[in-house]
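Keep the sequence and the 3D view side by side as you read.

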Amino acid sequence: MVTVLEKHLLIRNLLTEVFNEFGVANTLSTADPDMAIDMFMTAPVPVDIVLSDWSPDLDGMAFLQRLRHDASHPRSRAGA
């Protein structure tokens, strides 16, 4: 499973198609960091890869930090 956080729809669709061609059955994608967190947390199978945009209006590093330190998720690094 792959999660893609990217502000441009064209890039999100392109990445989804590329992963599908490589045999990745499930790719979750959005331009909204809050929605990406929700998708990551509620994914039916573990997410193997997270791709995140890093631009002035979409702070991918803050998104990744949020993922790593969310104590409500069993795979977080909160408290580690």
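## Layout of the chain

Going along the sequence, the elements of the protein chain come in the order β-α-β-α-β-α. That gives three helices and three strands. Both kinds of element are DSSP runs numbered from the N terminus: helices are H or I runs of at least four residues, and strands are E runs of at least two.

A word on the source: this is a predicted model, where local features need pLDDT of at least 70 and side-chain atom pairs count only at pLDDT 80 or more, while totals for chains, interfaces and linings use all residues. Residues are numbered from 1 along each chain as its sequence is written, and side-chain values use heavy atoms, with hydrogens and water left out.

Of the chain's 80 residues, 31% count as buried, meaning under 20% relative accessible area with a 1.4 Å probe, protein chains only.

Now for contacts, which here means heavy atoms within 4.5 Å. Take those between residues at least 6 apart in sequence: 60% of them join residues at least 24 apart.

Thr3 sits in strand β1 (residues 2-5). Thr3 counts as buried because its relative accessible area is 0%. Skipping residues up to four places away in sequence, Thr3 touches Leu28, Ala36, Phe40, Val47, Ile49, Val50 and Leu51.

Ala43 lies in the loop between α2 (33-42) and β3 (49-52). Its relative accessibility is 18%, so Ala43 is buried too. Once neighbours within four places in sequence are set aside, Ala43 contacts Met1 and Leu28. Ala43 and Thr3 are 40 residues apart along the chain, and their C-alpha atoms are 9.4 Å apart.

## The nonpolar core

Which residues make up the largest nonpolar core? There are ten: Met1, Leu5, Ala36, Ile37, Phe40, Ala43, Val47, Leu58, Phe63 and Leu67. The elements giving two or more residues to this core are α2 and α3 (60-68), and the largest share, three residues, comes from α2. A nonpolar core is a set of buried Ala, Val, Leu, Ile, Met, Phe, Trp, Tyr and Cys residues joined through side-chain atoms within 4.5 Å.

Beyond residues up to four places away in sequence, Ala36 touches Thr3, Leu5, Thr30 and Phe63.

How values were computed:
Buried < 20%, exposed > 50% of the residue type's maximum accessible area, 1.4 Å probe, protein only.
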